Every structure is written in C-alpha cells, then in structure tokens.
Amino acid sequence: MDTWKKGLPRNPHFSAQQLHLGRCLSPFFLTCAAYFLLWIPEDTPSWVSALVKCLPVLCLVGFLRACSGGNYSSLLQVALLFSACGDVFLIWPQAFLYGVAAFTKAQLLYVWAFGFTPLQPGLLLPVVLASLPFYGLLLLHLLPDMVLPLTAYALALVTMLWRGLARGGSARWGALLFTISDTLLACNTFIQPLPHIRLVVMATYYTAQFLISLSAFQSPRLKTN
C-alpha cells in the first residue's frame with residue numbers, strides 16, 4: 001500500500017487549479033440541471049424561459065472571465081454572449097431571424113478564435129461533402145426569405161466546424177456537437193419533426209459550448225499535415 005502511494009503523482013498546485021476550475025464551473029452545471037428539471041414549455045414564450053435557457057451559456061462566460069485570460073478567451077466570451085442572445089431570440093418565433101443573425105456572429109467569432117493555423121485544408125473537403133446533401137434537402141423546405149440568412153449561417157457553421165476540427169482538443173468535439181445540434185434543429189424545424197428533439201438539441205448544444213469553453217485551457221495542436 002505504501003509503495004502504491006509513493007507511486008502516485010503529487011502536484012498540489014495542479015490539484016488546487018482543478019478544484020478552482022470545478023468551483024467556477026459549478027454554476028454552469030447547476031443552471032443546466034435547472035433547465036432540464038424545470039422544462040418550461042416552449043409553446044408559452046416568456047422572459048423566464050428565455051433566462052433559464054441562456055443562463056448556462058452566461059455561466060460559461062463567467063467561468064472564462066474568472067479562470068482564463070488572453071485574446072482567445074475573450075473571443076470565446078463574446079461568441080458565448082452572442083449565443084446567449086440567440087437563445088433568447090429563438091424563444092419567440094417572430095424573432096427567429098434575429099436568433100440566426102446572433103448565432104452567425106457567434107460562429108464567426110469562434111472561427112476567429114480557432115484561427116487558421118494549422119490550416120488543415122484536407123479537413124475541409126469531407127466537411128463540405130458531408131454538409132452539401134443535407135443543405136440541398138433543407139433548401140427544398142425553406143421559404144424564400146429564409147434562404148439567404150440560413151445560407152450565411154450554414155457557411156459560418158461549416159467553417160467553424162472545419163476550424164474546430166483543425167484546432168483539435170475539446171474544440172474539435174465541441175464544434176462537432178454544435179454542428180450536430182444545429183443540424184437536428186434545422187431538420188426538426190423545416191423538414192421533419194423528430195422525437196425528443198428538444199432534449200437532444202439542448203443536451204448537445206450545452207455540451208458543445210462547454211467543450212469549446214474548455215479549449216481556452218488547451219494549446220492548439222501543431223501538426224500541419
């Protein structure tokens with residue numbers, strides 16, 4: 001037993017840092033739990049439901065402000081704020097396009113944060129090839145006034161996915177989950193209603209934002225081929 005204990009790595013500073021991060025993240029997990037436990041019906045939009053929906057994302061802004069610094073973290077924080085605005089707008093159907101605009105800005109900020117080094121152009125082709133069939137199907141179901149804003153958003157989302165995959169780490173998985181979440185939401189909204197869609201969309205969305213936020217504590221991979 002003593003031998004086993006001696007073999008354990010001892011790094012009090014590292015442990016204290018992890019505890020600090022855990023404390024800073026607790027509001028995010030608590031507000032996520034509140035959202036799913038309260039489960040306020042979407043057919044009755046209200047400022048209460050808007051607040052409950054966007055609070056987890058706002059908590060991630062507070063987490064980054066408290067625990068990280070630098071330009072990358074600042075860009076993520078602004079992207080999260082635009083995401084929170086998008087969450088609020090999407091509560092009301094008449095504000096749908098405002099929500100799309102807010103999330104488009106969030107995706108572009110994520111692209112800016114992820115950067116273009118390493119470029120990883122080989123990742124772009126499979127991303128585009130995987131996206132085109134669904135977007136082509138989506139176009140068949142869109143009203144004319146929806147085509148331009150949703151095309152702009154799709155381009156921003158695909159670019160964000162490409163750059164997130166290129167950055168690696170938790171940003172890769174966050175970008176992938178964000179794309180899955182939005183694809184399912186678009187399918188449910190414009191093509192075909194899906195069972196349990198709200199649960200799946202919000203679970204993948206919150207997880208995506210969480211993973212992207214964690215990337216502020218990771219260095220981008222340096223591989224260039």
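Aromatic ring pairs are my topic, and the count in this predicted model comes to 19. Rings of Phe, Tyr and Trp (its six-membered ring) pair if their centres lie within 6.5 Å; planes under 30 degrees apart count as stacked, over 60 as edge-to-face and the rest as tilted.

Two remarks on the basis of these values. Residues are numbered from 1 along each chain as its sequence is written, and side-chain values use heavy atoms, with hydrogens and water left out. Because the model is predicted, local features need pLDDT of at least 70 and side-chain atom pairs count only at pLDDT 80 or more, while totals for chains, interfaces and linings use all residues.

Consider Phe-89 and Tyr-98. Their ring centres are 5.7 Å apart and their planes meet at 35°, so this pair is tilted. Phe-89 has a relative accessible area of 31% and is partly exposed, whereas Tyr-98, at 58%, is exposed. Here buried means under 20% relative accessible area, exposed over 50%, and partly exposed in between (1.4 Å probe, protein chains only).

Tyr-110 and Phe-114 form a stacked pair, because their planes are at 15°, with centres 6.1 Å apart. Both of these residues are buried. Tyr-110 and Phe-114 are four residues apart in helix H5 (residues 96–114), so about one helical turn separates them. Helices (H or I, at least four residues) are DSSP runs, numbered from the N terminus.

Which residues do ring pairs link into a cluster? They are Tyr-35, Phe-36, Trp-39, Phe-103, Tyr-110, Phe-114, Phe-178, Tyr-205 and Tyr-206.

Finally, Arg-198 lies over the face of Trp-39, 4.0 Å from the ring centre. A charge sits over a ring if NZ of Lys or CZ of Arg is within 6 Å of the ring centre and within 35 degrees of the ring normal.

Key
Helix = DSSP H or I, 4+ residues; strand = E, 2+ residues; numbered from the N terminus.
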